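User: I want to know what the labels on this model rest on. Please take me through them, term by term.

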4 protein chains.
Amino acid sequence: MIIVLRPEATKKDIGHIIEKVKKLGLKVMVSQGVERTIIGIIGEEDIVRVQPLEAYPGVEKVMSILKPYKLAAREFKGRASVIDADGIKIGGKKIVVMAGPCSVEDQDGLMSIGKAVKKSGALVLRGGAFKPRSSPYAFQGLGEEGLKYLMEVKKKTGLKIVTEVMDTREVELVERYADILQVGARNMQNFNLLKEVGLCKKPVLLKRGISATVKEFLMSAEYILSNGNFNCILCERGIRTFEDATRFTLDLNAVPLIKKLSHLPVIVDPSHGTGKWDLVSAMSRAAIAAGADGLIVEVHCSPEDAFSDGAQSLLPKKFDVMMKELGPVAKAVGREL
Amino acid sequence: MIIVLRPEATKKDIGHIIEKVKKLGLKVMVSQGVERTIIGIIGEEDIVRVQPLEAYPGVEKVMSILKPYKLAAREFKGRASVIDADGIKIGGKKIVVMAGPCSVEDQDGLMSIGKAVKKSGALVLRGGAFKPRSSPYAFQGLGEEGLKYLMEVKKKTGLKIVTEVMDTREVELVERYADILQVGARNMQNFNLLKEVGLCKKPVLLKRGISATVKEFLMSAEYILSNGNFNCILCERGIRTFEDATRFTLDLNAVPLIKKLSHLPVIVDPSHGTGKWDLVSAMSRAAIAAGADGLIVEVHCSPEDAFSDGAQSLLPKKFDVMMKELGPVAKAVGREL
Amino acid sequence: MIIVLRPEATKKDIGHIIEKVKKLGLKVMVSQGVERTIIGIIGEEDIVRVQPLEAYPGVEKVMSILKPYKLAAREFKGRASVIDADGIKIGGKKIVVMAGPCSVEDQDGLMSIGKAVKKSGALVLRGGAFKPRSSPYAFQGLGEEGLKYLMEVKKKTGLKIVTEVMDTREVELVERYADILQVGARNMQNFNLLKEVGLCKKPVLLKRGISATVKEFLMSAEYILSNGNFNCILCERGIRTFEDATRFTLDLNAVPLIKKLSHLPVIVDPSHGTGKWDLVSAMSRAAIAAGADGLIVEVHCSPEDAFSDGAQSLLPKKFDVMMKELGPVAKAVGREL
Amino acid sequence: MIIVLRPEATKKDIGHIIEKVKKLGLKVMVSQGVERTIIGIIGEEDIVRVQPLEAYPGVEKVMSILKPYKLAAREFKGRASVIDADGIKIGGKKIVVMAGPCSVEDQDGLMSIGKAVKKSGALVLRGGAFKPRSSPYAFQGLGEEGLKYLMEVKKKTGLKIVTEVMDTREVELVERYADILQVGARNMQNFNLLKEVGLCKKPVLLKRGISATVKEFLMSAEYILSNGNFNCILCERGIRTFEDATRFTLDLNAVPLIKKLSHLPVIVDPSHGTGKWDLVSAMSRAAIAAGADGLIVEVHCSPEDAFSDGAQSLLPKKFDVMMKELGPVAKAVGREL
């Protein structure tokens, strides 16, 4: 059972509810979010069900626990969430395209890519300043310097910024620069990081782990929501299967499936999902046709020289062609680009 | 190295080539197809390369072996194949939808479904008379009786027929009734069955095995082609992964990937691929956006009573809605329904 | 519900039972095996449960249907089955090692290998005369000639023969030569082939499909048993996963799992399971420690020249060392080699 | 190229080498470990190869880069590493068994389990104080209180302690109590955490991610080693596959494989690996037969009441029986328990 409190609920309200529930012999778990507090009740549901909890001061909603995720469930909201990232709406009629290099490498290169993708219609710039790399000897990102480069491009182009945070100790730093904080696939079950971004006010882009079921994916989103941050965008980015002709198997089934199970917006990463630039356009079209709310695409001015993931990056002109092709598909499913 | 002979090549031509190649110390593998003969050469390629084989009488083409599949490779044709199934073209501008029940159950039910899907725009009727079932105690299909029911619907509606063949001993029987012979996912590496349908003149619909890589899939198609039947349609129908929210993981990446690697048409089965009727429409749209040449969809008048696979079958009216939605998507990618 | 009849049950007995069951409004499925007949009842179990079926003439046992496989279930027998292959017992205290080349290539080579593995303690000779190969251009086996070579080695060494059958049309031929008919992983769900070997009297070695769950594996065994052949040996041979450092992932968990679920003996193929000769010894030891009843191992006198699967074949002297190491492990778990 | 410095190398030595390498136009990456410093050189290897680097003061070894992991590679040491955890040797002749509850729940329960497993022959107590749980509403562990309970059992029984650390911010705290710091499967690619435990002096038990290849597993170990902590123990704990009869698929192939590729010790977790208590004994025997250096096993006095993972926990008396059965298997492969 989940008790969602109103934003205006007072400490006294909260204390009152907790006291009442504890008297019933049940355990209480309080998630004090920035905007609102959520009280989880662990124990026999039947005992609570007969209590007039919804009539208590400060209570917005009482939800019975049928699915393991509660706040992320479609039933919690009844309709799709639209998330605001510094003015950009994600989850509405407009399909939001995020584009940019895998990692931030230098100021000039980033600026060129930023200008190009902006011109082609992207609304958000992607680029990693902190990079999770399989090898300790590989380029690990520019850190705060990279964040500053991203900010420069934002100032010049108006593009919003999505960038990854990898460490609980760096959340505050990244939040200072980013419009959307990205939690990467490898950290989808780094629960302490999820809790930390759950305390942020800025939207979080949560990438699906490469071997996470959709249920586990939604459970990880639940960590963010239950800590008070309801601005969570889900991102399908390919799962690991036996197929080796692609780097991962982009699982588009997850798009309509999540749309049925959850109110959260879903975007698709065809670049990591396939690992092959020449499949990116086709899979982007398919993603939109399947109902995705956006795309996150790797674009680089000289993919063969990229510090990471060159094989899956589009040249700006190929990205431009792709964007032109996406328009009619978006229209065909009642959306716009 | 593969030597493809012209349809009009004589036995003398063939004997002459074989003799020449053997003299070079190489092994020869002759595939005598119905329409044409193919000679495979095993051994040091360099020895053959200097021979003027293409100038020999009866030779159409000499191909060097870079990929493990040769006749199925894009390079072999240079363009997409269009396959004719009793007048229906598969692989051209028009997207071909095949629809019908999982298994043929009775004459009346089949006729109702046939009329309904025809009206909604399907061109081919699907339905199994021989059913591969995990359990020996499950309904195994009506056999020849089922084939006759299919033929009846063809007569009434003009729909073409695609139906599965499971046993080398039944190929002749099934070919008498079917317009397209289906080889199911479980038999994708039943090589004797592949050879047998490779000797047929009618098109073959080859379904991808649930754990087959795209390369293995094309190798299985190569079995059919190398036995002389070039009318092979590939069908992506979902692969087995760890995800358990769907029955299989429909792998749409395979569509643009196969289009790059092969000249053969590709269709998609969103019903088996997802195992959930409420994901079929979204994934059908996505399949077409990804470049599929057709769909094969399960439709049943009362899914809950179906002898098999009810959970993934659409009601005729839902199928009709879906077909209407697919039109604009097809148009958006330069195709038509 | 399954009614197992006594071997001596008459046609009249059977007819009588069928008539009775049909009168109750239930469907009947009769499997007429060589040794005994089994009657499957489909429909409401409660209706049958109150009938005194076990008292009917000719009835040996009536089993309620809880698991989807019945005859293969542990409950059906209550104890482990011991299967006789021309005098060799599989499933008893002695661990049976089958060894030999992947494919039968020539008489002399086979004889050398046969003599070597016999000397090291193998009891059964493996070797494919009919070979399922991913490529139509690869060596497809010597056919009946290969079977004759196997028979020659049997005559000289006393080794029993296990060899693969791939086609329903070849079952009779292979049964003439083999002591154990092998159904390969690719054909684990070739249900017509399963039915055909289910009509044989000789034992069948059924290999697990590379993406088959243990439940599906047992369902395939059920096809063989329900056609009357109870002499079915199961073989774990590696499943397909994302791991690419080994050819397959040998799944030893399946050994104790199947032992709990079924009465059938289980052997392990560490050669195909790992695809690497230098892992074969360690995984063979592990297989025996996990409870396997036997091993099937590839041995070749010059692995680098083998027509197939050289990388996973042991040299005879390495096989000999391995056999010596296996003895103490067998003893440690109460078995003998 | 990797330059490993001697423990006694001075700052001046290091500065000198770096200067020299940079002059050659190459990038330098310095990992300042507690015990020794490692210098990675990124760029054209040929330029360095002709330099007499090994003759420089402070240099112990110069290694060319062939595998992506260097310090973890077998070639780096030439023989197996034996790691000391507060007096217990892991990787030597003796097989080390770690046992205890999934999570630390209360002082008395933990003490009972500790005494029981000690009596049966375990040398290390396992138990989570910080618990990674899929659900934010599930028991998250007792935190430092749990660590104190573990310490109490250590004092009473002499058992060493292995316990998980989940957050970079908690490494210092956990290191104060633990003898071995565990990095869980979900954090195998939490690279910041790996770096942090790489700076510790105490041994690290690194669990394989559920979808990590063995290569990726070794790359993650490389993160720990390249930060100066060479005391890394690898733990195979099951991978995610399509099989759903077990919770994961314990991949014993990884044991001999890692033994060939790396010098690091490998232990096996049959409890998480199978998720079923009744498979734990058989898979423990198999693990030892395959060459594992130890086991980590879940034991709980009342599994059905456990806060987590009850289904895979052994009762102390079952654990005792298992330990008795393991002795002969260890002996059969030249080890001891």
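Analyst: Start with direction. Angles under 35 degrees count as roughly parallel, over 145 as roughly antiparallel, 65 to 115 as roughly perpendicular and the rest as oblique. Axes are lines fitted to C-alpha atoms, for helices over the stretch in contact, and the angles run from 0 to 180 degrees between N-to-C directions. Helices (H or I, at least four residues) and strands (E, at least two) are DSSP runs, numbered from the N terminus. This is a predicted model, where local features need pLDDT of at least 70 and side-chain atom pairs count only at pLDDT 80 or more, while totals for chains, interfaces and linings use all residues. Residues are numbered from 1 along each chain as its sequence is written, chains are lettered from A and ligands numbered from 1 in the order in which they are written, and side-chain values use heavy atoms, with hydrogens and water left out.

User: Why are H11(C) and H12(C) called roughly parallel?

Analyst: The axes of helix H11 (residues 277–290) of chain C and H12(C) cross at roughly 20° and come within 9 Å. H11(C) and H12(C) are therefore roughly parallel to each other. Their crossing is right-handed.

User: Which residues make the contact of H11(C) with H12(C)?

Analyst: Contact means heavy atoms within 4.5 Å. On the H11(C) side, Trp277(C), Arg285(C) and Ile288(C) are among them; on the H12(C) side they include Lys318(C), Glu325(C) and Leu326(C). By class, this contact has eight nonpolar, two polar and three charged residues. Ala, Val, Leu, Ile, Met, Phe, Trp, Tyr, Cys and Pro count as nonpolar, Asp, Glu, Lys and Arg as charged, and the others, Gly among them, as polar.

User: How do you know that H12(C) is roughly antiparallel to H12(D)?

Analyst: Helix H12 (residues 316–332) of chain C and helix H12 (residues 316–332) of chain D cross at roughly 175°, and their axes come within 8 Å. That makes H12(C) roughly antiparallel to H12(D). Pro328(C), Val329(C) and Ala332(C) meet Pro328(D), Val329(D) and Ala332(D) there.

User: Why is the relation of chain B to chain A that of a two-fold axis?

Analyst: Two copies of a chain are related by a rotation about an axis and a shift along it. Copies are superposed by least squares on the C-alpha atoms of residues with pLDDT of at least 70 in both. Chain B goes onto chain A by a rotation of 180° with 0.0 Å of shift along its axis (RMSD 0.1 Å). That is the relation of a two-fold axis. In chain B, Ala286(B) has the C-alpha nearest the axis, 2.0 Å from it.

User: How do you know that chains A and B meet through the same surface?

Analyst: 100% of the interface residues of chain B are also interface residues in chain A, so the copies meet through the same surface.

User: What makes domain 1 and domain 2 of chain A separate entries?

Analyst: Domain bounds come from an automatic or database domain assignment. Chain A is divided into domain 1 (2–63) and domain 2 (83–332). Their centres, taken over C-alpha atoms, are separated by 36 Å. Six residues of domain 1 of chain A are in contact with seven residues of domain 2.

Key
A crossing is left-handed if the near helix is turned anticlockwise from the far one by less than a right angle, and right-handed if clockwise.
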